[in-house]
Amino acid sequence: MRVVTGVVGNDIHVVANRLIEISLKERGFEVFNLGVNTYLEEFIDAVIETDANLLLISSLNGEAEGWSRDLLFLKNRFDLEGVLFAIGGNLSVGEATQEELEPKYKAYGFDLVFHQVDLNEGLDQIEKVLKESN
Amino acid sequence: MFQTERNIITNTPYTDSFDFDEIEEFVRNASKNLFISHRFKNSNKILVQPRGGFPTYDKVFELYREFTKAGVDILPLTIDSNTRLNDYEMAKKMLALSEETDENMLNGYPLINHGYRITRKMVTHYDTPISLRHGTPDARLLVEVALASGIFEIEGGPITYLLPYSKNFPLDKAFLYWKYVERLCANYSKLNEPINRESFGPLSATLQPPAIVIVIQLLEMLLSLEEGVKSFSVSFSQTGSLSQDIVSANVIKKLARKYAKQIGCGDATIHLVYHQWMGAFPRDKEFSDSLINTSTVIAAMVRADKMITKTRDESFGIPTPEVNAAAVRNTQYTLNMLRGLPTISDPQEEEHLTEMVDDIMEAVFNDPADTLWRQVFNSIKKGIIDIPFSPHIINAGEAITVRDKEYNIRFYERGKIPISDKCLAYERSKIKLGGKSLVENIIDDIGIML
């Protein structure tokens with residue numbers, strides 16, 4: 001399984017990003033980590049270039065919402081059928097719950113949304129969905 | 001040719017017009033008390049330096065007054081993030097807003113916008129050495145203004161101010177821009193006491209392996225000395241393991257002298273700077289006080305020449321001048337108790353660490369490039385030098401470290417870092433993951449002080 005990951009927007013928090021990369025590798029994924037401070041277009045380009053099965057975007061400073069609004073537009077421009085879109089981390093600048101944020105981000109075009117969810121728990125869910133869709 | 005470059009760099013509307021003759025005259029006649037190199041020579045205690053900087057002149061002036069009352073040895077001048085990224089227009093706007101509203105709209109002092117003429121007034125008023133703290137890949141103009149202001153210690157370097165601070169600033173450019181800084185410091189060093197350069201050993205402050213920290217310290221030292229700098233400080237931050245701190249200090253002191261001599265710079269003075277814990281701080285302020293006290297004891301045990309302090313408000317944000325000064329006062333109090341400590345060493349661990357450092361240094365020097373900076377540049381590109389938790393795209397990010405049960409930081413994966421199989425086996429033999437996944441171990445290891 002190939003996965004593209006990275007931190008969206010002008011967010012330079014690198015520690016969690018490295019932990020995600022290590023965890024994905026431990027689980028046997030082939031990881032293309034674009035690192036911090038990555039724009040949505042760059043993620044989509046990388047998904048196409050690597051023929052990835054999964055795009056896992058993370059955010060710590062909460063800016064992700066502003067950056068995710070163009071996802072549907074980009075998804076429609078390219079053939080990204082069969083790619084699983086997941087986002088996780090701290091998905092709101094102010095306080096918000098998973099229940100509030102999940103429908104919002106699903107409307108932006110994400111299949112899986114993890115707001116302040118434990119990393120391993122999120123990755124377990126992702127693996128489950130990937131298995132089912134195969 | 002260097003002067004032509006200086007004329008171009010300093011010719012900007014964002015700072016005072018440079019009068020090079022007047023600046024040279026000022027440095028030649030400057031009070032010895034402004035030079036940390038002079039202070040190092042004439043002091044038999046660990047010098048205490050906090051961190052700190054505010055946007056306006058008045059607030060920095062007040063901060064320095066608090067520090068002075070608390071018995072500070074070295075004053076800091078921390079520069080704002082816009083200036084660090086060379087965005088002087090934004091710094092100018094935010095400075096104007098800060099002055100208008102009395103709110104701090106910048107996280108440091110925009111030195112270039114203030115200019116050297118006004119800043120020098122504050123520097124000479126306090127007549128205490130000031131250390132420039134920033135994080136700037138291209139610090140040419142900043143250092144010109146700092147030296148002209150009477151700030152005679154410059155922190156940073158092409159590796160330590162790039163790999164932890166930037167995603168894609170070109171590393172080759174950083175080397176050339178810092179070469180300018182080194183030459184400038186070397187030239188000014190001929191006029192009075194030497195300008196001191198200091199490297200930033202904490203790097204990304206997250207599970208940094210001592211071998212890599214020391215290699216980077218040595219390389220930045222060599223890059224500086226080869227341009228003619230005569231006074232240099234290597235540094236590292238508290239690792240979380242008392243014994244690893246002692247081992248690191250003993251090895252870095254020994255190797256700094258060895259490698260300086262090897263390039264014919266044995267006449268330079270090398271100092272050791274110790275950073276109090278740079279990782280995540282507890283939310284409990286009493287715990288923070290306890291952590292800071294422990295750091296102070298370790299600084300004394302490793303026989304540092306200077307220590308950089310933290311505050312009990314670390315996990316809450318930028319401390320007030322009062323809280324910051326209280327940390328200085330407490331640190332001085334603790335230090336005063338710590339006299340005549342025994343000398344400790346761990347020959348086996350020191351030999352092991354020395355071997356890893358020497359192996360990496362040898363690989364750097366074996367690069368076929370014609371100059372040291374190109375060898376170092378290639379080594380970083382190839383992953384011979386690789387730091388955990390760097391945001392920079394050039395950093396390989398393949399090395400993985402975890403703590404052993406005594407909290408020593410050990411290599412779990414070496415990536416392309418050329419440490420021997422024997423050394424890696426020794427490192428790995430110390431690690432016990434204890435039934436948890438690697439990532440769970442790393443998360444625990446990052447948060448040991450919480």
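How many residues does the contact take from chain B, and how many from chain A? In this predicted model, the contact takes 14 residues from chain B and 12 from chain A. On the side of chain B that touches chain A, helix 18 (residues 438-446) of chain B supplies the largest share, with five residues. Sorted by class, that side of chain B comes out as nine nonpolar residues, four polar and one charged.

Eight strands make up an open sheet in the order 1-8-7-6-5-4-3-2, with parallel pairing. Strand 1 (47-49) and strand 2 of chain B sit at the edges with a single partner strand each, so each has one side left without a neighbour in the sheet. Going from one strand to the next, the twist averages 25°.

B:T78 belongs to strand 2 of chain B and stands opposite B:R133 in strand 3 of chain B. Is B:T78 buried or exposed? B:T78 counts as buried, because 23 C-beta neighbours fall inside 10 Å and the cut-off for buried is 20 or more. Leaving aside residues up to four places away in sequence, B:T78 touches B:R51, B:G52, B:G53, B:G108, B:Y109 and B:R133. B:V60 is 18 residues from B:T78 along the chain, with 9.9 Å between the two C-alpha atoms.

Strand 3 (residues 130-133) of chain B has B:I130 and B:L132 pointing one way and B:S131 and B:R133 pointing the other, and all of them are buried. As a general rule, side chains in a regular strand alternate between the two faces of the sheet. Strand 3 of chain B also pairs with strand 4 (residues 153-155) of chain B, in the parallel sense and over two bridges. Here B:L132 has B:I154 in strand 4 of chain B as its bridge partner.

Elsewhere in the sheet, seven bridges pair strand 6 (residues 231-237) of chain B with strand 7 (residues 269-275) of chain B, again in the parallel sense. In this pair, B:S231 stands opposite B:T269 of strand 7 of chain B. Helix 12 (residues 242-262) of chain B packs on the sheet and touches both strand 6 and strand 7 of chain B, with a direction at about 155° to that of strand 7 of chain B.

Chain B also has an antiparallel pair. Strand 9 (residues 400-403) and strand 10 of chain B pair in that sense over four bridges, and B:T401 has B:F411 in strand 10 of chain B as its bridge partner. The two strands form a hairpin with five residues between them, and B:Y407 in the turn has a positive phi of about 75°. Strand 10 (residues 409-413) of chain B is mostly covered, with four of its five residues buried.

Now for the helix pairs. Two packed helices are described by the angle between their axes and the distance between the axes. For helix 4 (residues 57-69) and helix 14 (residues 321-337) of chain B, the axes come within 8 Å and cross at roughly 30°. That angle is why helix 4 of chain B is roughly parallel to helix 14 of chain B. The crossing of helix 4 of chain B past helix 14 of chain B is right-handed. Helix 4 of chain B brings B:E62, B:L63, B:E66, B:F67 and B:K69 to the contact, where they meet B:P321, B:E322, B:A325 and B:V328 of helix 14 of chain B. By class, the contact of helix 4 with helix 14 of chain B holds five nonpolar residues, four charged and no polar.

Helix 1 and helix 9 (residues 140-149) of chain B pack at about 95°, and their axes are 9 Å apart. Helix 1 and helix 9 of chain B are therefore roughly perpendicular to each other. B:R6, B:I9 and B:T10 of helix 1 of chain B make this contact with B:R140, B:L141 and B:E144 of helix 9 of chain B. The contact of helix 1 with helix 9 of chain B has three charged residues, two nonpolar and one polar.

Last, a loop residue: B:P13 lies between helix 1 (2-10) and helix 2 (20-29) of chain B. B:P13 counts as exposed because it has 8 C-beta neighbours inside 10 Å. Between the C-alpha atoms of B:P13 and B:E62, 49 residues apart along the chain, the separation is 28 Å.

Technical notes:
Residues numbered from 1 in each chain as written. Chains lettered and ligands numbered in written order. Predicted model: local features only at pLDDT ≥ 70, side-chain atom pairs only at ≥ 80, totals over all residues. Axes fitted to C-alpha atoms, helices over the stretch in contact; angles between N-to-C directions. Parallel < 35°, antiparallel > 145°, perpendicular 65-115°, else oblique. Left-handed = near helix turned anticlockwise from the far one by under 90°. Contact = placed C-beta atoms within 7 Å. Nonpolar A, V, L, I, M, F, W, Y, C, P; charged D, E, K, R; others polar. Buried ≥ 20, exposed ≤ 12 C-beta atoms within 10 Å, placed from the backbone. Pairing = 2+ DSSP bridges.
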